[in-house]
Structures are given as C-alpha cells and as structure tokens.
Amino acid sequence: MEQQYKQVNFNLNGKDVSCVVDIRCSLTDMLRNQFGCTSVKKGCEVGECGACTVLIDKEAFNSCIYLAVWAEGKHILTLEGLLGPNGELSDIQQAFIDEAAVQCGFCTPGFILTGYEILETGKLYTDDELRKLLSGHLCRCTGYENILKAVKKVMYQRLGKTPEEA
Amino acid sequence: MPNVGKSVPRVDAMDKVTGRAKYTDDRCDPHALVARVVRSTIAHGYVKSVDISQAEKIPGVVRIVTCFDVPDIKFPTAGHPWSVEEAHQDVADRRLLNRHVRYVGDDVAAVVAENEVAAAQAARAIRVEYEPLPFVLDPIEAMQPGAPVLHKEYPDNVLKHTSIRQGDYQTAIQEPGLICVDKWYEVPTVQHCHIENFICYAYGEGDRIVIVSSTQIPHIVRRTVGQALGLPWGKVRIIKPYIGGGFGNKQDTLYEPLCAYLSLQVGGRQVKLDVPREDTFVSNRVRHAEKIHIISWVRPDGTYAARKLEMYSNQGAYASHGHSIVAKGMGAFPQMYPCPNIEADSYTVYTNRSVAGAMRGYGIPQAMFAFESHTEDVCRRLGLDSLAFRHKNIMPKGYVDGFSKNENYFDSFNQCMDKAVAETDYVRKHAAYAHQTGEVRRGIGIAPFWYNTAVWPISLEHSSCRMVLNQDGSIQLQVAETEIGQGADTAYAQMAADVVGLAYYTDVHVQSCQDTDVTPFGLGAYASRQTYTAGFAIRQTGLILRDKILDYASEMTRMPKYNLDLMDGEIVRTTDGRVLLKLADLATEAFYSLTHSVHITAESTYQTKSNAYSFGCCVAEVEVDIPLCKVKVTDLLNIHDCGKLINPALAEAQVHGGMSMGIGYALSEQLLFDPKTGRALNNNLLDYKLSTTMDHPHLRAMFIENYEPTSAFGTKALGEPPTCPVAPAIRNAILNATGVEVDSLPMNPHVLYRRFCQEGLIADPWTKEG
C-alpha cells in the first residue's frame, strides 16, 4: 500500500516550517489544524466561495482544492502573515475597518488576501477591472460595496493619487 | 459626547480583519469525533431497514445510529419564543432521525467516526432499504384530494390556513363600472447562503450536555434540545461564538439536538457536526416558494373598491416556522393600500421538498414582489400613473393598525418615495423610457415595502441586559440579542456608553460570545428586533447602573445625588459644572474600599409591548438586452425610514447587503427540484447563482431619520427590510423598458425568453408562430 503520510517543508508567513500530513489532506486543513491559521475559512471546500484563499508564491489560491503536499518548497501567506512585526495592521486591513467592509467576517480574510494580491501589482485598475479581480469571492453580507471601496481606497493611497486624477 | 449617531468602527472589526475571530470550527478540538448524516435518497416513503454491517467494519468508525434507535420524541425547531399556551406552541413534527422520510435529504442515520474520511466512507457504506410512496412538490397539488399525505395529523397537507375579512367583498364587486385586474405571481425557493455553513459540536460536562453552535438563537436552542432529547432544559448549555452569517437559517434548531444525542451515545466525547455546503442547501432551511393570486376591483378614478388575495406557501417536509411567514406577508396586504372590502386567505402546505423557514424578510420579499408588481399592473390596465396612484392610495399618515397598534407617524411611505424619485430623476426617466424600440432598452421602476419591527403582539418580546462596572471605569455588557454580522454589538456599545455616561463606546466591552449559562435570558437575533428590543433593556439597565454609580459618587464626594451627573466618564457637579471625580477612580475605590466595598452591577429585563413600522422603497434602473434576454441593473437605490440611525456607516452597509440579496432574488437565485425525483438539482455555489461583484451596480443607500417615538433610542427595524423591495423594483423597471409583465422570479434569461416570445418582442425559431 502506498505511503499515506508525507513530510512537507514550506515557508509560512515568512518562517520555514515543516510537518507530516496525510497525502489526501487539503492545504486548508493543514493550515487550520496543524498551524492554527484560523483565518483560512471553510465555506464550501470545493473552490466556489473563496473563503479559504491564501497566497501561494504571491498568487491567490483556493486552499481547499490545493493539496497540502503541493506546498512543498512554496511560500504561503495567510492573513495572519499580513500583520507587522509588532502586530500592526496592514493598510488593506485598516481600510476594511475604516470603510465598514466587515460584517460577519467569514469572507473577510479571503477578500483581504485577494485585495492584497491586487494591490501588490502596483497597477491602477478601473472599477470594472477591480470587480472582475474580486469576483472569485462570495459574500452574503456586504453586497461587496464597501469591500470594493476599501480596495480602491488603498490602491489610490499606494499610488499617491486621488480618484479624480486617475 | 454622544456615541449614538456616529459612524464608529465595529467593535469586532479588529478580530475579523486579523483572522483571530473564533468561529465554531475554530474553537473545536481538531481531534474531535466527526459526525456525518445519512440522508434519504427518495422524496417520500418509509425506511424498511438500514444495513450498517459494512459501514461498521470501516476503520475509525465509532458509532452508528439509525432512525430505529432514536427516542420516539417529536420536537419543534422554529426559533420562536416558547408559548405557555398550548395552542400557540410550534408544531412538533420531526424526530432526531426519521423512519417516515419526507424529502430527498431527510435524516435517516448518523455515523460518528474518528475522522472525516472514515465518517464519509461509512455514511456511503450504509445501505438503506425504502418503501417508496408517491410524492408531491407543489403546494396547490398537495391540497387536492388524493394527494400524498406527509403527516397524518394533516390529511389535506395544509399546515395552517388563516384569513382576513374586511367589509363585504362580494357585495362591493357588484358596483357598476369597476375594472377587474386578476393575476397570479410566483416566487421560487431560495437559500440563505451564509458563507459559514451550519456547524456545531457537543460534549458532556458533569451531568449536562454542552453544545457550541453557529446559531442566532442560543437560548431558544437550549429549550429545543431539551425538548428533543427529553432532558430538563437546565441540563443543556449552548455556547454561540462569532457566526459567519445566518439570515434566518440559523434562527432555527438545525442539528444541535442530533449532535448532542450523538455525543451522549459515545459517552460525552466531543462530536462535531459540520454540514457540507451541498447539504446546507437541501437539509437546513430555505425561503418559502409561494404562488400568489390577487384580484383587484378598481374604480376608473384609481381607487380600490374591493380586493382579494390568495397565497399558497410551500412549506416543504416539516413545519419549522410554518405559517407565520406567509401570514406576515398576508398581514401587510390590507395595511399597505387600505381598502374597505378585502378577502384574504393564506395556506401553508406540506410538500416533499426541503424545509422552508425564516429567511431575511420573513414572508415580506415574497409578498412585496406580488403586491408591488400588481400595483404596477393595475395602473397599466387603467392607464394611470403608478407613482401618483401609490401616493394617493398607500397607507396615509396617522394610519393605526388595530392589531399591533402600529402607527404611521410620519407619512413614511410618501417621504421615502419622494426622496427616491428626486434622487433618481424617476419621473422624467420613467416617461422617457416608456416607448422605446431597439434591442437594448432602459427602464426604471419603483417599489415601496411594508415592514415592522420585532414580533409583538404575535409573540413574546423582551430583552434582558447585564452591566458590570470594571475597576478602570469601563463596563461589560451582555444581552442575548446575538451579533450575527449585522453589527449589533457595536450599536449596543454606542447606546450603553451614552446612557451610562461613558466617554467612548470602546469603554463598553460587549460579550459577543454568548453562553446560556452566563448571558441573561433573551431570544436572539431575528425579526430585525435587536436594536429596538435590546435598546429598551440597555437603556433601562444603563439607568440603573448610572444611578448606583451616582449613589457611590454622592458618598465619596459628600454632595447630594441630585447635584451630580455622570458625563463622559466623569462625575460632574451640575451646579457649577466642576468635575469632582473620574469614574475610573470611583470604580477602583468601589472595588477596593476598606470602608464600603461594592461591585457595582445592574441587570434588568424589559418586556416590549410595542412594535414599530419600518418602511421604505427601492428604485431600480435597468438595461434590458432583448435578444439576449439579459437584464443589467445599472442603478439601485434604497431609501429607509428606520428611525434614528445608531451607526450610519453600519446601517448603510446593512442596506447594501440586503439589496444584494434582493438582486439575487430578482435575477438569478432559485433552488431547483427535479419533478421526477424531488431531488435538488443545483445545491452548490456554482450552479446556484449567487450574485458576485460583477452582477452589481454601485449600491446606494439613503435614510429618512424620523425618530421612532415608541423606541428607546428612536430606532427600529433595518436588518431585513433592505431585501424586501428590490425584486419588484427591478421587475417594474423591466416592465418600463419592455412593456412586458414578468410575474415570476427569478427573471433570468430562461423566463425572459419565454415572456419576450409570448409578447412578440423576439421570434422563437422553435415555434411556427415565431
């Protein structure tokens, strides 16, 4: 019988880590159960809702349909990794608070991480482009309105522009 | 400095943007045993036998129970306050697991295993033999003689039928010159789709059972678990952490009783029951599908002579909230457009489909789609201006409902419509869009909505509050009206800070995680009741706490209490405005004084015996691509008179969410059932079309802040109302654009294709008439 368990070595939120996982285990389950990353949420476990989003080598993925063993050698960023060294909030987290973009909070970590991925490109996007880039996440509380507002606000902040100048 | 009325950040925002907020699954031991439910694969029948022999052999399986093992106790699930009057108690019609299965997805057996893989494998390995019976999916068919009977106590499948009779309908329709508008409307089954599925876990502690659950109603669930398991209610403890949305689905007892039972079957070990998304669609609760028939007899001058309403509500297999939902919708009918002669009947009918329960709006989204589509259709038939018709006929200022004693103090409907019309340039656009040609046409539509706050006088309304002064002059606050994402905890903190006299709402620590052992008794989050109902208890308790603080201040300062005030966290002498003492110093003294040490706390219950109307309207602008049968919403505006806003930014955010749910209801959402098998066809988030960022226009929310006179803080319902008017506003916009009356939801391309063909807007290549 094939070996059921395997050691995985990867970088989690800036730290090299390793653990032994069941080869059938999803990245979501490994991050939640073995590393206590409670920001990685389970909403569907089949890649439909986006609540489990993490960045793998700077790219947003649904971790529920990504095998834990594929994390070998990768850099994984969860919401826990966005905090500064003294627990400071990142600009996008602060914007979610300021723009009232948080309600039940269950989709929030995923949205913030995709927002972070978008912002890291350093590009200026139109509203329609932002809507498309964020469309992989479902939210039932906010109508997405303030989430878009928060991402857009930080996009302009980072580019040192105002919506009027763009 | 007032805290109420300010757009301060949420008290739980930091926890939620860092991912450290603990939801049910985040608190569960990762090594807890895992439960899986085995579900009926037929729509109706009896379980003849369950073969667990193969499943038991799977490594990791700990325990399997079937419908033949569970206690013979039927229990109710609705998240209503219990009634001490038997006639008003919720219907008890299900067991923990059922031998008589009544829908595809009914609970037949359950596996407890050491891990999810073993639980899932064992659930698949269980063989269930059924004796199938005929089934029925439609409420009107289910009422016919000879239809399959779901519950023998209800031989015609009618769970309940209620009526309203006003004046004399039959005589009134004889009046010469009346025009009759007779139409049917239909709304589909939809699901709440909170992003956190229902989940709970249970474990034994002493001689009690503890259940941690994603619920809106911890104290109610305590009672229903007690009822379902035959346990004294005090032996059940419910803990409610942060929850990832509820929208009414979690205003029901879902799998808490079964999970508790399973834990007790394995010696009180921790058992987790995490419902997969596919099962959340089918085996939790859904919004009632309804068929609604309206006959209006109208005079040529645009006044109603008589009206008739029939509503058929699809309950699905078990009673849950049952008839309360369609009854609420029916109740709005004679109030919204008062008419002297009315006959209204509503029927809630059992069918072999997923169980319908509470969902944001509680019967009003269904009713508003029919009522406000009908208003538009009546005006069209008579050639009347529908906006003028509404202004003329809608509930006038000063209207008082005889039953609830609700009063329309401020002419809310007309104020909201006036503002919406002005903001959207409705009148000009509505006229300009009326006679378009071409493939892509624009339209604008309006729909007001009726809503009220909380459940009095249908049911009990009360709230209990506890406040505890800390050493630093901050306070702890507890109420049982749960935070479910709507922002209630923040509103409570703002209210409490002002009533007690603290400087900032952050000086109030709201205990968000509820525990029936600790939190004062209260009913939970539903009926858009939290700020209104808890507001009374917060004000009353805050005044008691403040009074006790001033007593102590009087003692410390040797000043008479009537010359003292507590403002912004300071004891002030009112005669000269001098600050005599900081609350923090007073609190420390009160804790540790060697002469008079006291822990200053306050606790009280306020029973609410009032209710408040909460009205508003929606204006939608659309672009209809006729050949593609597609609708794009280009502008959406909701106006609400929900009284005084406690936190404008959070209020606006609430409205956005409700509007979003309304867009889905209007254009894309429906849970489909296979007519041949009764099986749900699209019970996943890919095939069930929830709207995404791409499906929304910029959402606009505005308010008319009429201070509600019955309220402790001038506030009233806002949680559910935003969903209620959106679908009829979009529907009326499509009518404005195309001249086509669409009378069923969702107005997706399938429906529009059929309607546009019927009305000759497009040629159907598949029919000769084309």
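1. A word on terms before we start: two strands pair if DSSP finds at least two bridges between them, and helices (H or I, at least four residues) and strands (E, at least two) are DSSP runs, numbered from the N terminus. This is a predicted model, in which local features need pLDDT of at least 70 and side-chain atom pairs count only at pLDDT 80 or more, while totals for chains, interfaces and linings use all residues. Residues are numbered from 1 along each chain as its sequence is written, chains are lettered from A and ligands numbered from 1 in the order in which they are written, and side-chain values use heavy atoms, with hydrogens and water left out.

2. With that in hand, have a look at the hairpin in chain A. Strand S3 (residues 53-56) of chain A pairs with strand S4 (residues 59-62) of chain A in the antiparallel sense, over four bridges. Within this pairing, A:Val54 stands opposite A:Phe61 of S4(A). Two residues lie between the strands, and A:Asp57 in the turn has a positive phi of about 45°.

3. The assignment (bounds come from an automatic or database domain assignment) gives domain 1 (5-81) and domain 2 (91-159) in chain A, with 21 Å between their centres, taken over C-alpha atoms. Contact, meaning heavy atoms within 4.5 Å, involves 16 residues of domain 1 of chain A and 12 residues of domain 2 of chain A. The buried area (the accessible area, 1.4 Å probe, that two parts lose on being put together, summed over both) is about 1100 Å² here, with 68% from carbon and sulfur atoms.

4. What holds polar atoms together across that boundary? Three residue pairs are in polar contact between domain 1 and domain 2 of chain A (both at pLDDT 80 or more). A polar contact is a pair of N or O atoms within 3.5 Å; within protein, one must be able to donate a hydrogen and the other to accept it, and residues adjacent in sequence count only if both atoms are side-chain atoms. On the domain 1 side, S3 and S4 of chain A are the elements that give two or more residues, and the largest share, three residues, comes from S3(A).

5. Now to the interface between the chains, where 43 residues of chain A are in contact with 57 residues of chain B. About 3900 Å² is buried between chain A and chain B, 58% of it from carbon and sulfur atoms. Five salt bridges (a side-chain nitrogen of Lys or Arg within 4 Å of a carboxyl oxygen of Asp or Glu) are counted between chain A and chain B. A salt bridge joins the side chains of A:Lys42 and B:Glu116, at 3.9 Å from N to O. Helices H1 (27-35), H2 (91-98), H3 (108-120), H4 (127-133) and H5 (145-159) of chain A each supply at least two residues to the side that touches chain B.

6. Finally, chain B is divided into domain 1 (32-133 + 192-283), domain 2 (394-449 + 612-758) and domain 3 (462-607). The centres of domain 2 and domain 3 of chain B are 39 Å apart, taken over C-alpha atoms. Their contact takes 17 residues from domain 2 of chain B and 15 residues from domain 3 of chain B. The area buried between domain 2 and domain 3 of chain B is about 1200 Å². B:Ile646, B:Ala712 and B:Phe713 supply 44% of the area that domain 2 of chain B buries there, more than any other three residues.
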